Amino acid sequence: MEHSFCWIFSKGILTKGLYFTALFYCSKHSLLIQVVRMKPVISFVIPAYNEEKYIGACLDSILKQDDLPEYEVVVVDNNSTDNTVAEVKRFPSVRIVRETEQGMTKARNAGAEATAGDILVFFDADVIVPRDWTGKALSLFEKNPNFAGVSGPYRFYDLPRRYKY
């Protein structure tokens, strides 16, 4: 008795939220379609040029998210001359990519090219996100499947008091 099997995996958006669809086919039996809901993979991209003072707190805030699904964090070293790279190496799950052409745009693009996630998140190296940031961001995409991107309010934490609001 010979059977033919074919697995097809595709990523897509079905009605609400992000889903993976798996199709199974057996020539002797019927076609079975199974839809499994999964959270998307998030890729955090952080360009860094001489950010040793801030990068550790930034990475800490990302890695301590309450509802962090599968993720990757890529820091793009843009020719730092301080201890930025050494600071990043304290976080074993964070990957370092080097971009020799100076500039934020070049660094962000190099980081984006080095990632494999479904959702790209670009943070500056001095960003500290609240613990619920990822959950809130994902819920926006789930509630609004046609969204291509989101942005939100921010607060400067390192400005002199007279400039803070």
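Hi everyone. Let me begin with a term: accessible area is worked out by the Shrake-Rupley method, using a 1.4 Å probe. For the protein chain here, the accessible surface comes to about 11,000 Å², and carbon and sulfur atoms account for 54% of that surface. Please keep in mind that this is a predicted model.

Let's start with the overall layout. The chain has 4 helices and 7 strands.

Next, find helix α1, which covers residues 55-63. Which residues of this helix are buried? They are Ile55, Gly56, Cys58, Leu59, Ser61 and Ile62. Here is a handy thing to remember: an α-helix has 3.6 residues a turn, so residues three or four places apart point the same way. And what do the buried residues of α1 pack against? Their partners are strand β4 (42-48), strand β5 (71-77), helix α2 and strand β6 (94-98).

That brings us to helix α2, residues 84-88, where we find Thr84. Is Thr84 buried or exposed? Its relative accessible area is 1%, and the cut-off for buried is under 20%, so Thr84 counts as buried. Leaving aside residues up to four places away in sequence, Thr84 touches Ala48, Asn50, Glu51, Glu52 and Ile55. Take Ala48 from that list: Ala48 and Thr84 are 36 residues apart along the chain, yet their C-alpha atoms are separated by 7.5 Å.

The side chain of Thr84 has polar partners too. One is the backbone nitrogen of Glu52, which the Thr84 side chain reaches at 3.1 Å. Another is Asp82, whose side chain is joined to that of Thr84 by a polar contact of 2.6 Å.

Last stop: the surface. Leu140, Phe147 and Val150 make up a nonpolar patch there, and together they have about 230 Å² of accessible area. Where does Phe147 sit? Look in the segment after helix α4 (133-143). Phe147 has a relative accessibility of 39%. Buried would need under 20% and exposed would need over 50%, so Phe147 counts as partly exposed.

Key:
Residues are numbered from 1 along each chain as its sequence is written. This is a predicted model: local features need pLDDT of at least 70, side-chain atom pairs count only at pLDDT 80 or more; totals for chains, interfaces and linings use all residues. Side-chain values use heavy atoms; hydrogens and water are left out. Helices (H or I, at least four residues) and strands (E, at least two) are DSSP runs, numbered from the N terminus. Buried means under 20% relative accessible area, exposed over 50%, partly exposed in between (1.4 Å probe, protein chains only). Contact means heavy atoms within 4.5 Å. A polar contact is a pair of N or O atoms within 3.5 Å; within protein, one must be able to donate a hydrogen and the other to accept it, and residues adjacent in sequence count only if both atoms are side-chain atoms. Patches are made of residues with over 30% relative accessible area and no salt bridge: like charges are joined within 9 Å, nonpolar side chains (Val, Leu, Ile, Met, Phe, Trp, Tyr) within 5 Å. A salt bridge is a side-chain nitrogen of Lys or Arg within 4 Å of a carboxyl oxygen of Asp or Glu.
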